[in-house]
Every structure is written in C-alpha cells, then in structure tokens.
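Subject: Structure handover and findings

Hello,

My notes on what was found in it come after it.

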Amino acid sequence: MARNTIPGPRGKWLVGDVIAYQRDRIAWLTGNRAEYGDLVRLAPGAVVLHDAELAHDVLVSTNETYTIDSMLGIGSRQRRRNEANLTEWMRVRRGVWRSVSDRVTRLHVERFAADLEADLAHHAGGQVDVVTVARAMLGRAIADFCVGGCVDGDRADFQALCAAADDLFVAALHALVSGEGRVGWWPRPAARAAAAANGRLLDLLATLVRRRRAGADPEQPRDLLDGLVAGVDPEADVQHVVLVLRTIMFASHGVPGAAFSWIALLLAEHPDCAAKVADEAVHVSDVSLTGADSLAGAAPYTTAFIKEALRLYPPQWLITRTSKVPIELAGHRLPANTEVLICPYLLHRDPRWWTDPERFDPDRWLGRDQPHGRYAYLPFGAGPRVCPGSLLATVQLTALTTLLARDYRLELPPLANVRPSTDGLMLPTGVTGSWHRRVTSDRRRRVREPGGRSSGRAPGRGGGPSRAGRGRGADLRAG
C-alpha cells in the first residue's frame, strides 16, 4: 500500500531542508540517500529519486505524466504557455531534425574543425579561463550548426547571435542559482533579466529567419535553418521556426563547453590516456565524425574517453521533472505539482550499477558488454525530452578532443585541486591553465581540410585565423 509520508529531513516550515541542501548539494544528496533510501523528501512539493529504473520511468513519462518547468517563469500560466509550443517542438524533433541532421552535421563538421584549429592556435601559450573559452568555442559551434551555413556575408550578425545566446545562458543560470523563490508571487529580478535576454535572442533569430526565407532555396540544406524554413509561408510558421532554433540554442549552450572543460582536465590528469587519443587521431578525418556508427568505428578510444568523462562529470548533473497529476513513486503517493529531482552524477557513481565507479577508466566502454546496470547512464537524459543534440555534442567534443590531444601539451591544475560547482551545470570552478603546441615530429600531422583534402601546413599555421577566428581574442576571453 502506498504511503503518504516521504522519508527525509523535515527542515524548516515552507522550505523544508533546502537551506542545508544549497550549502553543499552533493554532500546533502549523498548523505540523505544513505540515511533514507532511494526516495528522499527535500521540501514540501520536492523529492529526490535515486533509483535508476524508476528515474528512467519518470523521464520516459515526460510530456504525459510529467512536465519540465522553465526557470524563466513559474506557475500554471507559464506551464500552459510551454505546453502550447510542445506539439510543434516534438514534431520538429521527430521530422525535420532527422531529415536534415546527417547532411547538416557533415557540413557543420567541415566548417567547425577549421574554426576549432584556429581557436586553439589563437590561445596557445597563454593563460586562459578554461570554462569561458570552452563555452565560447562550443557555443559558436551550436550556432554554426543552426544557422552557420550561409553567414559569410553576415559575420557581424552571426557574432551578435552568438553573444545573445551566451547572454541568455549566463542570465538564465543566474536566475536558477540566485535563490529566488519558486512561487508565483515572489520577486524574480534575475528571471526578468533572463526573460529580457531571451527576447533579444528571439528578435535576432526572427530577423535571420525572415531573411533566409526571402532568399533563394538551396538545393540541399546547409544548416538546420535551411531545413526548417523549407515551405514556410505564414508568419505563425516563422515564429515556430524561431522558437525551435531558440530552444536548441538555449538547451545546448553551455553544456558542451562544460563537458569539454572536464575533458581537458582529464587529458592533463591522465597522460597515458591522452597519448592513446592522440595516436588514434592520426587516422580520424573530419568527415568520418558525423554519425554514431562512424564515431565508434573511427575513434573508439576517444569515444570511450568522452563517455567516461561524461560519466564522472555530467554537466547536467541534476534533472528535474514536475508531476502534472497525482502519482505513485517508489511506494509513496505524491500530489500533482511535485518536483522530482534525479541526479545523474550520483547514479553514475553508484556501485549498485557500476564496477569501481570512482575510477576513471575509458576501457570499461571498450568491451562487448554494457559497463553499467540498466538505465544507469544519463549524460543527456532519457525519454521523449532526451537532449536532441546529444550526437551533435558528441561529434563536436570528439573533434575538439582529438585536436587538443594530438597537437597540444596541456598545463592544467590537478583534479584534486579543482572544486566542482553545482550551480546549474557541473563546472570546474576557477580553472586557469594553458596549452602549448607540440613541436616533436611524432605530433606534427598533416591537417585535413574541408572535403577530406590534406594540407601541408601545421595546424593553425599560415593563412591566419579562419573565418570564425579573425579578430576574436577579446570576445573569446569575455565568453
């Protein structure tokens, strides 16, 4: 029989144990899981779920039994607004995204690899804030995938779009961690600032969509926007395209950069693994990194390295869903509007589902058997709202990881000295360091240019920065 009382610390009236939780989220989650089990009360209307299979059930029931609240607004009105756009967003995920993603990803990788080489070369030898630079590089990569196929004449507009997406990410992250109440009548200045940043991004996207729609249709899509605008006529359709692009750019911005910050630290921490990635990179071409099968075949060790990095340090370390109706979960009755928190960071380190879970071991992914218990690996979520850009992010991370390991020597602090932040994404806090170009003959490789041709110049040398790298030192450092 289902119970009404959920185990967990009682905390204080109205806020439960949220104050203690916010002092040290990981310590609170770990300690209370050990004391109370797989379902723990955090506050009135909020619980934490630590069972992998039940977490999967929650995620696959999203859109039906559960919804995703927005940090930009709260309450039933905002939820109805979100639901109104859900049907179109899911249609795009099922249809347009699949129909254009393979070709668009291939073209994107050709542009993206050249830009990455220029970016890495631009920062070589200098002290950088690793998180900021990684976020800038991979934030522009997301924008390139969405709209970068036809921007050579509009670089200023493209840069403005990238800056607006980053402003929204920073403002929304501040709204998330500012301590503003999650009740409709509570003052929410940080959320209002995020909403204003969101409005600026929407305006820029609307201008770009209308301009693209007015131009000649290409024979094949060059980026996601080409696929989305095909057949667009009414203004309502323009707004749908804008919302889809905004959703992808917002959901994807920051996450690959956070992931790569941890990857860079792990490359520096494990030079033997970095050497394997570098050796494998000799045989990898840009064009081969455009699908799940080709990734695993062309760069199996690099793919395993990235999977293991995402296991130990998932940027989306906490996933939340809100029940739309009364539910029963883990033998307990929960009312509608209950927030359910799922922690991939702890699921990925739970010895019930992983062998030697605290050890960094890319080889665990190279065997024939799955290295974890069922549903115990959630770096991109699961269910109908799984990150639609998970393959794209993996392609981008693979390209950047191979370039960094192959061509550069890293000087970064040891992981033991790095404190992870759990304010929103899981990020390494205050990490500065540098990378230096390798000059030994065994690391000087011929570089593949777009289309698979190889050039005789050393990576990033000669000809100056690429089209995306010219004159951008200041904005890279500023994020």
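**Two antiparallel helices, then the rest**

Helices H7 and H8 run roughly antiparallel to each other, a label given to angles over 145 degrees, while under 35 degrees counts as roughly parallel, 65 to 115 as roughly perpendicular and the rest as oblique. H7 covers residues 155–177 and H8 covers residues 189–214; they pack at an angle of about 155°, with their axes 8 Å apart. Axes here are lines fitted to C-alpha atoms, for helices over the stretch in contact, and angles run from 0 to 180 degrees between N-to-C directions. Helices (H or I, at least four residues) and strands (E, at least two) are DSSP runs, numbered from the N terminus.

Before going further, some ground rules: this is a predicted model, in which local features need pLDDT of at least 70 and side-chain atom pairs count only at pLDDT 80 or more, while totals for chains, interfaces and linings use all residues. Residues are numbered from 1 along each chain as its sequence is written, and side-chain values use heavy atoms, with hydrogens and water left out.

Ala, Val, Leu, Ile, Met, Phe, Trp, Tyr, Cys and Pro count as nonpolar, Asp, Glu, Lys and Arg as charged, and the others, Gly among them, as polar.

Neighbours within four places in sequence aside, Leu 204 is in contact (heavy atoms within 4.5 Å) with Ala 160, Leu 161 and Ala 164. Leu 204 and Leu 161 are 43 residues apart along the chain, and their C-alpha atoms are separated by 6.5 Å. Leu 204 counts as partly exposed because its relative accessibility is 34%; buried means under 20% relative accessible area, exposed over 50%, and partly exposed in between (1.4 Å probe, protein chains only).

**H16 and its two partners**

Helix H16 (residues 390–407) and helix H6 (residues 130–147) have axes that come within 11 Å and cross at roughly 130°. H6 is therefore oblique to H16. The crossing is right-handed. From H6, Met 137, Leu 138, Ala 141, Ile 142 and Phe 145 make the contact, and from H16, Leu 392, Gln 396, Leu 397 and Leu 400. These residues divide into eight nonpolar, one polar and no charged.

Helix H11 (residues 255–269) also packs with H16, at an angle of about 30° and with the axes 11 Å apart. H11 passes H16 in a right-handed crossing too. In H11, Pro 256, Ala 259, Phe 260, Ile 263, Ala 264 and Leu 267 take part; among the residues they meet in H16 are Gln 396, Leu 397 and Leu 400. This contact has 11 nonpolar, two polar and no charged residues.

**Single residues**

Most residues other than glycine have a negative phi. Leu 14 is not a glycine, yet has a positive phi of about 75°. Leu 14 is found in the segment before helix H1 (18–23) and counts as exposed, at 57% relative accessibility. Asn 337 also has a positive phi, near 70°. Asn 337 is in the loop between strand E7 (332–334) and strand E8 (339–342) and is partly exposed, at 48% relative accessibility.

Lys 276 lies in helix H12 (residues 271–281) and is partly exposed at 43%. Beyond its neighbours within four places in sequence, Lys 276 is in contact with Tyr 301 and Asp 363.

**The whole protein**

The protein has 17 helices and 14 strands. Of its 479 residues, 54% are buried. Among contacts between residues at least 6 apart in sequence, 74% join residues at least 24 apart. The accessible surface comes to about 21,000 Å², of which 52% belongs to carbon and sulfur atoms; the areas come from the Shrake-Rupley method with a 1.4 Å probe, and for residues only the protein chains shown count as cover.

Regards

Conventions. A crossing is left-handed if the near helix is turned anticlockwise from the far one by less than a right angle, and right-handed if clockwise.
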